[in-house]
Amino acid sequence: MRSLTTWLSSRGPEIAQALDQHREAICSAVNHRLTSTFAGLLADIESRHGSQYHQVTFSRTPRRLHQLVLVALALQAPSVLQREIEWSVRLLLRYGVTQHHIQSMVRWYFEAVRREVALDDHDRDNLAALEEAILATIYAIGEETEP
């Protein structure tokens with residue numbers, strides 16, 4: 001984590017800006033993957049809240065992750081991201097969203113970043129380390145909340 005922290009302090013704000021320049025492409029790609037892969041997810045909630053619930057949720061969720069990643073990069077504070085991920089995962093698990101669903105979205109987000117944003121190998125490696133830290137947090141929360 002030390003090299004990630006060092007990288008964040010030297011490159012975080014610049015990488016945040018680069019990612020945000022590609023926000024629409026990144027978030028749209030993740031939204032499309034969520035919609036096409038997990039079409040039945042949240043169906044019971046949608047039946048109570050209307051047909052737009054699914055679309056709105058799948059549109060907003062990648063944007064929220066994007067915003068969290070930007071904050072972690074810009075503030076050089078992965079702990080902010082970790083606390084938000086912990087809170088979100090605990091909440092989502094109550095509504096039938098699984099570790100698999102959340103981890104898939106995170107992977108798709110970082111795949112879209114790698115595809116859309118021109119980064120050097122060092123930046124890519126550190127973003128991959130950030131991705132793995134997020135995935136590990138999701139896994140740990142999922143494991144501790146299993147019956």
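Two residues are said to be in contact when heavy atoms of each lie within 4.5 Å. The model to which this term is applied here is a predicted one.

The account may begin with Tyr-109. Leaving out residues up to four places away in sequence, Tyr-109 touches Leu-19, Ile-26, Val-30, Leu-65, His-66 and Val-69. Buried means under 20% relative accessible area. Because its relative accessibility is 0%, Tyr-109 counts as buried. Phe-110, at 1%, is therefore buried as well.

How are two aromatic rings described? A pair of aromatic rings is characterised by the distance of the centres and the angle of the planes. The count in this model comes to 1 aromatic pair. Tyr-109 and Phe-110 form this pair, which is edge-to-face, with 5.2 Å from centre to centre and 85° between the planes.

In soluble globular proteins, nonpolar side chains tend to be buried together. The largest nonpolar core of this model has 37 residues, of which Leu-19, Leu-73, Tyr-109 and Leu-127 touch the most other members. At least two residues of this core come from each of α1, α2, α4, α5, α6 and α7. Helix α6 gives the most, with 8 residues.

One of the contacts of Tyr-109 is His-66, a residue of helix α4. His-66 has a relative accessibility of 1% and so counts as buried. Apart from neighbours within four places in sequence, His-66 is in contact with Leu-19, Asp-20, Arg-23, Cys-27 and Tyr-109.

Helix α6 holds Ser-104. This serine is buried because its relative accessibility is 7%.

Attention now turns to Trp-7, in helix α1, which comprises residues 2–21. With a relative accessible area of 2%, Trp-7 is buried. Its side chain makes a polar contact of 2.7 Å with the side chain of Asp-123. Asp-123 is also among the residues that Trp-7 touches, and others include Leu-73, His-122 and Leu-127. Trp-7 and Leu-73 are 66 residues apart in sequence, while their C-alpha atoms are 9.6 Å apart in space.

Two helices show how burial can follow the geometry of a helix. An α-helix has 3.6 residues a turn, so residues three or four places apart point the same way.

Helix α2 has 15 residues and reaches 21 Å from its first C-alpha to its last, close to the 21 Å expected at 1.5 Å a residue. In α2, Ile-26, Cys-27, Val-30 and Leu-34 are buried. Viewed down the axis of α2, the buried residues fall within an arc of 90°, so they line one face of the helix.

Which residues of α5 are buried? They are Pro-78, Leu-81, Ile-85, Ser-88 and Val-89. Down the axis of α5, these buried residues lie within an arc of 100°, and therefore they line one face of the helix. On the other side of α5, Arg-83 and Trp-87 are exposed.

Technical notes: Residues are numbered from 1 along each chain as its sequence is written. This is a predicted model: local features need pLDDT of at least 70, side-chain atom pairs count only at pLDDT 80 or more; totals for chains, interfaces and linings use all residues. Side-chain values use heavy atoms; hydrogens and water are left out. Buried means under 20% relative accessible area, exposed over 50%, partly exposed in between (1.4 Å probe, protein chains only). Helices (H or I, at least four residues) and strands (E, at least two) are DSSP runs, numbered from the N terminus. The arc is that of the directions from the helix axis to the C-beta atoms. A polar contact is a pair of N or O atoms within 3.5 Å; within protein, one must be able to donate a hydrogen and the other to accept it, and residues adjacent in sequence count only if both atoms are side-chain atoms. A nonpolar core is a set of buried Ala, Val, Leu, Ile, Met, Phe, Trp, Tyr and Cys residues joined through side-chain atoms within 4.5 Å. Rings of Phe, Tyr and Trp (its six-membered ring) pair if their centres lie within 6.5 Å; planes under 30 degrees apart count as stacked, over 60 as edge-to-face and the rest as tilted. The expected span of a helix is 1.5 Å times one less than its number of residues.
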